[in-house]
Amino acid sequence: KALAGNPEVAARFHAFRAASDFVDVASSARGPRLDLTGDLGVERGTFTGGVVNSSLNRGGLGLNLTQVLWDGLGTRNEIERAGHERMSRYFELLDVTEQTALEAARAHYDVQRFRKLVSLAEDNYVQHRQAADKIGSRVKAGVGRGVDLEQANARLALAESNLTTETANLHDVTARYARIVGELPPARVGK
């Protein structure tokens, strides 16, 4: 999907096709050339023979067949140049398709990785929330120390910050995936 919808891939593909067509154009110089010409017209003028404002109707049709016998290897060199241009465009097309495929694969794996990291950060937050609640109930009962509750709340705040960071990172890689592939990743990427 990333290759089919990428405008850079399409542009390089069309440049390659244009270069391929130019090889055919350059090769056409080897063949004969047939030119058809035609003219039709009226001439008016004054002649010294005593006739004033006489007109002449004229018309003609011509057919020319020409064949280049020797052009100093110009045609052969132009065909070779066009062939090298075509190969250059081909390798540019390969480069952009491989780069696009690589970026799509990276985005795919990044979405999987950050989904797992968000899941782990959620579990971490839940565990710290439960620990802080237990320590808070022990402090209220007079069995625990206040410093333990402060430390538990600080760790809970850090776990919440980590969860927020991982969620933001997941949104970033999801947007990158959508930009490269052209659609949002499926609910379960890779499955």
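Leu73 sits in the loop between strand 2 (54-66) and helix 3; helices (H or I, at least four residues) and strands (E, at least two) are DSSP runs, numbered from the N terminus. The model is predicted, so local features need pLDDT of at least 70 and side-chain atom pairs count only at pLDDT 80 or more, while totals for chains, interfaces and linings use all residues. Residues are numbered from 1 along each chain as its sequence is written, and side-chain values use heavy atoms, with hydrogens and water left out.

**Backbone at loops and helix ends**
- Leu73 has a positive phi of about 65° although it is not a glycine.
- With 34% relative accessibility, Leu73 counts as partly exposed; buried means under 20% relative accessible area, exposed over 50%, and partly exposed in between (1.4 Å probe, protein chains only).

**Helix 3 and helix 2**
- Helix 3 has 67 residues and reaches 96 Å from its first C-alpha to its last, close to the 99 Å expected at 1.5 Å a residue; the expected span is 1.5 Å times one less than the number of residues.
- The axes of helix 2 (residues 7-27) and helix 3 come within 8 Å and cross at roughly 165°; axes are lines fitted to C-alpha atoms, for helices over the stretch in contact, and angles run from 0 to 180 degrees between N-to-C directions.
- Helix 2 is therefore roughly antiparallel to helix 3, a label for angles over 145 degrees.

**Helix 4**
- The 36 residues of helix 4 should span 52 Å at 1.5 Å a residue, and its end C-alpha atoms are 52 Å apart, which agrees.
- Among the buried residues of helix 4 are Ala152, Leu156, Glu166, Thr174 and Tyr177.
- The cover over the buried residues of helix 4 includes helix 1 (2-5) and helix 3.
- Asn169 lies in helix 4 (residues 146-181) and is partly exposed, with a relative accessible area of 25%.
- Asn169 and Gly41 are 128 residues apart in sequence and 77 Å apart in space, C-alpha to C-alpha.

**Nonpolar core**
- The largest nonpolar core has 13 residues, and those with the most contacts inside it include Ala2, Ala104, Leu170 and Val173; such a core is a set of buried Ala, Val, Leu, Ile, Met, Phe, Trp, Tyr and Cys residues joined through side-chain atoms within 4.5 Å.
- Helix 3 (74-140) and helix 4 are the elements that give two or more residues to this core.
- Leaving aside neighbours within four places in sequence, Leu170 is in contact (heavy atoms within 4.5 Å) with Val111, Phe114, Arg115 and Val118.

Notes
Parallel < 35°, antiparallel > 145°, perpendicular 65-115°, else oblique.
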